[in-house]
Each structure stands twice: as structure tokens, then as C-alpha cells.
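Subject: Structure handover

Hi,

Here is the structure I promised. Please open it alongside this note.

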Amino acid sequence: MSSHTVIKQVTKSTFTPSLLRELKSHIDACDFVSLSSIKTFSATSASSWRRRLLPFDTAETAYLKAKLAAESFQILNVSICPFRVDGSKVVAFPYNFHLFPREEQSYSFSCQASYLESLARKGFDFNLCIYEGISYLSRVQESLAKRRNASHLDFKVFSKSRKSVADSLFMERIKARIQYWRKSCLNSNKSPHGDLANSLRQLILGTQLHGERPCMTIDVCSDNQLNLILETVNGISDSLVPLVVRNSLGTPTSVRVVFTSSEEDKSALLSDIDHAEEEQNFNLRGFREVMDLISNSQKPIVSINCLNDFAFFHEKFIAPLPPSLHEFTCSLKMVFPKILDLGHLMKEIGPLKNAMDTSSSLNLEVPFQADRDGGQSNQGRNALKIISLFVKLNYLHICNNIEGYFNIFHPTACMELESVGCQDDTNTYLTHQEDIAKLGVHNLVFLWGFNAASSLQLKDKLRKYHPIFHENFDLKVIDRNCAAIAFQRQGAVVELLKEIKPRSSSIENMISDGVIIAGFGAYEKVCRMGLWDGRLADSLQTVVLSDNTNSPLLAEKSTEICWDNEVMLDQNEYLKV
Amino acid sequence: MAARRGLLLRRPLCSMATSTSRKGKVEVKQVRRGDSYHDSLTSLIQSASFVALDAEMTGVASTPWRDSFEWDSADVRFLKLRHSASRFALLQFGLCPFIPQRDASSGVVSFVAHPHTFHLSPSSSSSSSEGDYDDDDEFLCQTSSLHFLATHRHDFNTSLRRGLSYLSRAREKAAVAAPLLCTESAIGFRHLIDLLSSHNKLIVGHNCILDIAHMFDKFIAPIPSTMEQFMKEVHQIFPNVIDTKHIMNANRTVQLLMRNKSKSLSSAFSSLCPTISSAGYHRSVRASDVNVKVQAHDDEGSSLFNSGAKHEAGYDAFMTGCVFTQLCVHLGITFDQCLSDPSISDPLQSNVKLKPYLNHLYPTWNSGTVLDFTTGTEKPEGTYKQKYPKVELKNIVLIWGFSSVLKYKNLKGCIAKVFGPDSVISVFFIDATAALIQFRKEEFVKDFLALKESLERRKDDPISILHPLSVIFEGGNTKAGDYNTYKDVIACNQSKVLFKDQADGSGVAC
């Protein structure tokens, strides 16, 4: 693909219903939609344990971390590209939407400073985002907002069967007021006294204007009064249209009675109101309209790092994230039924990497015309890179059965598109996948409270504590004083943990040194309880101290993890084991 | 897209760009990564009578309930201040040295101001390298603050692309072990702050407690855990600080002068310094006005100058300094000393008339108190016009998680049924999910909490259901505590939008 490929940049001023119609027609005519986003954070460049995916993260803990990130950070760009594969040619329509929330959607948010600076170095335009970003409301936020700003006309009249004397008096009084005013409206057109007298009369009667039409305002103190007024207005004449005026909390404060001169005038008023509401809703939903469009099209979505991205999309555009991965996937499936995670795809085809077509280059056609200014059209290339990768993987013919790959996320692989985008690195990535040891969470223990300068030194120390550490195990330092240990042998962990709680004499030295060991269950609990603040050792300690079941905190169920030997966890871990 | 402001202005050495050329046009030197500033500014600071400063940050409060409230105790206000300064980042830091000079013809002392705006990189924001928190790399943004800066055409790209990085003293110390992190340029900007400190320079800010807190957190060390300790440590490093907002509120002459006028910086600038702020409009120069000129000279001839605008840190620092000189006139302070006796290194801070205001900072909320950094105490300030009646903290109950339809009237009504018609003095809604209730008597607090507990114990009992207070506890999610509980929730690290979620997540006793 050429670096001059035109990507449509969409900001507040160019985000219109007609743009949306154009996007819809492209989506309808395409086979797939590729999606990518830029956030104020990147999991691959984060350093703290709560932000990064660690080699012992399960799908569940990876989801909880993605949830935390989606709740804390903000989306700045979403690039969307409907595309279709025509033989050897790919036709694509790339859009890049610049987003920035309003205060009502997001009071404050976090940023990862080093990542923002790396974006800035690559030319990312933060001013464009903040000055011109499109706002949005999630589906849940919208329905809450709707409850507050209920429509002018949707207030139903509940006719009470029995009215009190006070009610009847109130209605009579209102009726007299409205009728008197209405009469003056009917007469005003043929008044012989001229403009001055008219405006004087209007002043005295409290006549205002709603657009070009006369109207009067009646204050409302309760829902009962509101009901009575609406009932009265409806009883007087069809030419009067009552509009309910509400304050910012959605409480009705007054009724505006609008006078229409004819049946046509009335329907014109009603359609004006509909229009204004439509426009207001469009602005309110903002970018959410685009996500709804994709959702409604039911087209398969191709993306990468799906767990993270779709956790963000769910949180920002659909609803607050549920507490478990299972609920999340169920909820997501209702909105986006077919998602293809290239991360998962690449893992699956790892053994076939030699078949990867290294010579083919993508024949990409983007029918968009360059804008006159042609400026910042380079932002949002990731959706195109995804297409390129997808097409290359497709050439491996493993995608004949594409349905079989839908909706399986590869949760523990976070990839930098920059590196997987080019051929060589893709191969490296695929080769690397084979080096990752398949271990279960039952092979793991966490260890903290030690005092060692390197993992090598720590390993030495452990061997002196307990004979089990003479077995084959791998050790990774997570942050300064916490480590994860993976035993090769099944059952080693259970044996070790068995000796912890009753304080067997064989580990006396370890305990008196202040070194503490817990099973994977402790880490699961930390993530589930949201003990994200501070160091991992402190959070694990909190869990162990609050646990009064005397259990060794084993993992709840056996789950496979990808213990990646290449991953270096702590910058301070200069020595490799 | 933001219109780029300013042009690259080359100015001959020592030319005077006086502010009298056009209305409000003040040349502010822009300092970004790679720009030279250090030597010239060092000598300017050394010869300045005082240095005015101002900071622009990415936000102030991370949630609505972290804003300052009328019912916040001094402790709570400090917790909010500390959270704000440690979590939000600085985008710009403005320094403006004011150098005295004697007018050759009239013999009157005037000032030459040198406004500088430093664009800072947020990546060096946190000073908690050693500390308890592992997220050095993260900072918060308040959405409304960014929108606000955008309306003033703030250039976010400059901060992120060319912002200066800096190291706090604490970090520099910690970085000795890993010298790679500790680059020359990173320490460079911090050295200016050290210079202000080592020369005991008079520092002038407007409503500057938050700026001082940011300065401490970013350039010195993490803010200590108590207000007393914080004030003591600030005072050791910056022994001479003036808050112009405090002078405006505490001096009767100035109060009279500014009656019914806004005390915001830009309003104070236009009302106190009309000859500077609207120079060029033919206003008569009053004899009492201090003349301030702006010097935009440049030894290197390659620096970028922008004409200053409101809410640009360098320009705000300039306005603050001008306001200060004019306030000095109203306090009866003359500047002759600034030049006459070079042996007095700090003529202003030793001035008897300024002394009562030295190191007295306006708190984040008008609580009728002032922060005295010399003694490290918060003391009542009689001359402040206090807007609100005093609050008895020990008479306060905190409730959260109640039904969203519960309003002031029902709340007060059902409590009155139990504790008597005048039992509740007032109710303050922190947000839609939490409220503070002030009782007339302290014992009502204990009674209320005890009653809540007993009603919960007998949940399904008809007496509980019919009890007037059951309106508050309906739904079973209402929790309550005393004022200490409120403080504990504020002290937590997270920032959930709703107070209820914060309180439930923080695990405070209830």
C-alpha cells in the first residue's frame, strides 16, 4: 500500500448524517470491516503489573486488566475500514474518526505519558482530537440521558377517574386563562389597532413566541398539575400543542402551549419538533452512531488485540463492563456477532508459517479522492495494516473455514501492529509462538518478601530453603520484591503449598526470613477484588491476610497459560536465569 | 485545528518591546526542548526583586466529589490538594523575573518584566520513584480542563512533542544508581527551581497553593502526608512566598478598592493595572501606578516569542507580578530600597509593610482561615469576608448509596420525625449518591448510627419497616459513617466517578 493512500479524517465539523449514509453504503457493499483504535494507553508499552499482560495471566485475569484499562483510559482515534476482496485485489474505504469526550461522559481519565509522547513523535495531532474530537454516549448513558431530557411530547395524560375539588378549580382557572389567550391569538390577525397595540396586548396576556408561533407558559409544581394542564389543553382545541419544559434534572417545570393556525401548521410544528429532536439525538449519540451502524450491518469485524479494544468499545459505546469474562463475551456477541481476532488466527497457523507467502504484495485499491488540503490524511493507518495482515493470512488457505475462527480472542498476546505489519516480523512472531511453554496455573506459585539482588541469587536462596527447589523450575521477578515460579512437574506446587499453612519445619528458614508463598488463587483474588493499587506483593499480602479458610490459595480451576520464556518482566532484572 | 500563534521574532539585543505599543500585547518567551534559556534566565533571576510564577495543569479534580466543598475540614482539603498535585500533570510553567530600574528623568523606580513560558513534558510528572506507587508513567486529565485550555488555544502538541523533561530532587537522588535516566537537560529546568530556592527569592503567585503543591511534587519530592509537614518542608525550600489573592482578601484598603470586583487574576489585572492592561487606550497615567515594561530581548536571537494570552503560564505570571507591584503601592511600599542599597539582598521580603502577608497563602476554599507557612499552621483570618457559617464536623453524619429519589426535603423530614423538628441544621449533597447531614447536637450522630445498625439487624420486622428512617435505608444499600469515614474515603487512591462507588470500593468501616 502506498503511503499516500487517502484515509478520510472525520472530526466534529465533518461528522454529519450524510457522512454516515456514505459510510453505511460502503459497509453494506463490503465483506468485512476492519477496526483499530488509538487510546491514551498501550498495554504493550506499560510497565506496571496491573497494566501489562504477564506470562501467567489467564483469559479471566487478562479480561479484568482490560476492564480496568477501559475504565481508566480514553479512546482518541477509531479507524474503520469496510473492505472486500475481489480476487487478487482488495477494495477498501478507510475512515479515521477523531474522538474526545464531553465532561458528562468522562469527568477525568488517565494517560500513559510515555505512550502519548511516542504518538506525538510519530506526528499524532492531539490538538485535532481535543479541539475537534467527536463526542459520544454509550447506549446506557443515552437511555439515562433520555430519561432526564424526556421528549416534549411523550408525556402521557393519565386521566384520574376522580378529581378533587381543588383539581377541578385548578382546571377551570387554567382553562379560562388559555381560552382568553387563545381568543386574543385568533383576533390578533385582524386587529385594527396596528402593531403597537398588538405587542401591548401580548405583553399583558403573557404571550411569547415559540419560533414564529404565539405561545404561553404555565408554571408547573407537581406531576398532578402537569396532568391536569395537559388534559385541559387537549379539551380546548386541537390547534393548541402543549410542550413540556423540563429542567436539567428532567423534572417538568412548565407547560408551553403553542398556538397553531391550521391543521397544516400543526403538523409542520410537530415535524419541526421531531427534526430538532433527531438532530439533538444525533449530536448526543455522536460517534456511537458509527458503532451502531457496524453492529446493525452484522458484517464480520477483523481486528487485532481484540480483548483490549473491544473492552474499550463496550465500556465507551455500549455499557459499563460486567464483572466476568463470560458475561462480557455474551454481551459483546449480542452487539458484534462476528469478530475475527488476527492474534488468534496467527497463533493457530503458527505451524504453517512456512507456507506464508512472502513474495505477495497487497494489491490495495482505495477509491477515496484526496482532499484539497490533503494534510493529516495519514492518521489511522492501522485499520489498513490489519487488512494487509488479514489478506496475507488468508493466502495461507486456512481461512476457507473462516467461521471457525470467529469470536475467539487470543487474550494473552498483545501485539504492536507496527511490528506484525511487516512480513519479517510476522514470521518472527510466528516462530516465537512455538517457544512458549504451555503450562497450567497449577504449576505456579507466587513468592514475595525476599531480599535478593537478582533472580539468580534468589534461585540460589530458594534451593537452600527447600529441596523442591532443586527441581526444574523457572522464575520471573515481577516487581522489585515479588516473583512468579513455574514448576515443570505437575504436583510440585501442591506439595509445596501443603507445607505452608501448618508451618512445617522444612520451610522454617524461609518463613523466618519473611518469605511468603501462595498459589495462583491469590493472584486471581487480587484481580477479582480489584486490588490494583501499589505493588503486587502488597496486594497478595492483603489477600493472604484476609483469607481465613486456611487454604493454600490454589487456582480455582485448571487453566492453560502461555509461559513465555522471552518475556522480561522487570527492568531491574538484569540477569537472566 | 488550532491556529498556531506567534511568529518567530528576531529582536536586536536589548531592544525594548514596551507594552505600550498595542493593547495587552506582551511578548512571552517560549521555552521548549532544545531551546536555550538557562544562562540568560539565571542572571535575570539573580538580579530580580521578585519572581512571579504560574502553572497550567491537566486538571484539578478527578471526580466531582474531589472538588473543594464548604464542609471540608482542613485535613480533607489537604488530602484533595495532595491528590490533585500528585496525579495531574503540568503542561506549562510560567516564570517572570521583575527587575528594578530607576527612570533616568523622573528618578522613579519601575520594573522590567521577562515573562517565560516553559512547555513541560508530562512524562516526568510524578516524583514518586521510590514511593508506594508504581505508576510513574501515568497522569490524569480532567476533561473540562482540557476543553477550557482548548478555548484558550492551548497547544497540546507542543507539550507532548517538545516539552521539557525534568527530574525532582528525590528522583535525581534515586537515579544515581541508574545514571542513564538522569540526563543533563532533565535536570536543567529543575535547576532554575533550585536557583529560586538557593537565592531565597521572593516568589509571587496568585491563589497559588495548588501551583506550590505541584512545584513541590514535580521538582522536589512527593508531598508529605500532613499539611503541617508539607508547609514546613515548602517553607524550608521557598522561605519567601507571596499570594496576591491573600493580600486582596486580607487588606482593608485593597478590599475597599476592589469592592464588588472579581478577584480572579485577569479581572484583578485590569482593575489594578489599567495602564498596563489597556495601554494604548488613552487613559491618564495615575501617579501611583508602577510602570512595568516587558523586555523581550534575546542573546541568541533564535528564541520564539508569542504575544501572551490569558491562561498561558508566562503571561499569567506576568499579570500576577504586575498585580503585586500595584498591591505594594496600596500597602504603602516604595521600591526605592530595591535599588538604593545593594547590600540588602532582599529588600522586599524584609519590608515591614509586606511582612504580615509573607508566606500567608489563600486556602483552596474560603473557610475564613489562611495557611501560614512560617509556622506551618492554618489560622483564622479575621479580615476575610466569610461566605458560609461555621460547620461543626463532629455533628456530621455521612450517608451514601441511598435511593436516587431521596431529596433534601424527605431526608430532613424523616430525621425530624425521630430526632425532633430542629435536629438537622443542614444537608449537603456531595453528589447524587452521597450526602453529609449536620445535626444540631453531637450525640445525634451516635444515635443515628446506632439506630441504623439496629434497624438493619431487624430488617424484616414490622417496626423496622414502619420506622421513619426506613426511607433512607430502603433498598439495603445505604451506608453511613461519621466525619472520619468521609475523610477515609477521600484519602483513598482511586477515583470512581460516584462517591458511592468510591466509598464501597475503599472498604471503609460503615
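A term first: buried means under 20% relative accessible area, exposed over 50%, and partly exposed in between, with a 1.4 Å probe and protein chains only. This is a predicted model, in which local features need pLDDT of at least 70, side-chain atom pairs count only at pLDDT 80 or more, and totals for chains, interfaces and linings use all residues. Residues are numbered from 1 along each chain as its sequence is written, chains are lettered from A and ligands numbered from 1 in the order in which they are written, and side-chain values use heavy atoms, with hydrogens and water left out.

**Two asparagines with positive phi**

Most residues other than glycine have a negative phi. B:N207 has a positive one, near 50°. B:N207 sits in the loop between β7 (203-205) and α7 of chain B. Helices (H or I, at least four residues) and strands (E, at least two) are DSSP runs, numbered from the N terminus. With 30% relative accessibility, B:N207 is partly exposed.

B:N359 also has a positive phi, near 60°. Its loop runs between α14 (336-340) and β11 (360-361) of chain B. B:N359 is buried, at 3% relative accessibility.

**Buried residues and their contacts**

B:N359 turns up again as a contact of B:F238. Contact means heavy atoms within 4.5 Å. B:F238 also touches B:I193, B:S197, B:I203 and B:M215, leaving aside residues up to four places away in sequence. B:F238 is in the loop between α8 (227-237) and β8 (241-243) of chain B. Its relative accessible area is 2%, so B:F238 is buried. From B:F238 to B:K500 is 262 residues along the chain, and their C-alpha atoms are 39 Å apart.

B:N249 belongs to helix α9 (residues 244-250) of chain B. B:N249 is buried too, at 12% relative accessibility. Its contacts are B:Q255, B:K263, B:Y362, B:T383 and B:Y384, again not counting residues up to four places away in sequence.

Axes are lines fitted to C-alpha atoms, for helices over the stretch in contact, and angles run from 0 to 180 degrees between N-to-C directions. Under 35 degrees counts as roughly parallel, over 145 as roughly antiparallel, 65 to 115 as roughly perpendicular and the rest as oblique.

How do helix α2 (residues 74-87) and helix α19 (residues 483-491) of chain B pack, at what angle? The angle is about 10°, with the axes 9 Å apart. α2(B) and α19(B) are therefore roughly parallel. On the α2(B) side, B:D75, B:V76, B:L79 and B:K80 make the contact, and on the α19(B) side B:Y483, B:Y486, B:K487, B:I490 and B:A491.

α2(B) also packs against helix α7 (residues 209-220) of chain B, at about 55° and with the axes 9 Å apart. The pair is therefore oblique. From α2(B), the contact uses B:L81, B:S84, B:A85 and B:S86. From α7(B), it uses B:I209, B:L210, B:A213, B:H214, B:D217 and B:K218.

**A strand hairpin**

Two strands pair if DSSP finds at least two bridges between them. β15(B) and strand β16 (residues 434-439) of chain B pair in the antiparallel sense over 6 bridges. A hairpin of 2 residues joins β15(B) to β16(B). B:V427 faces B:I437 of β16(B) across the pairing. Strand β15 (residues 424-431) of chain B is mostly covered, with 6 of its 8 residues buried.

Best wishes
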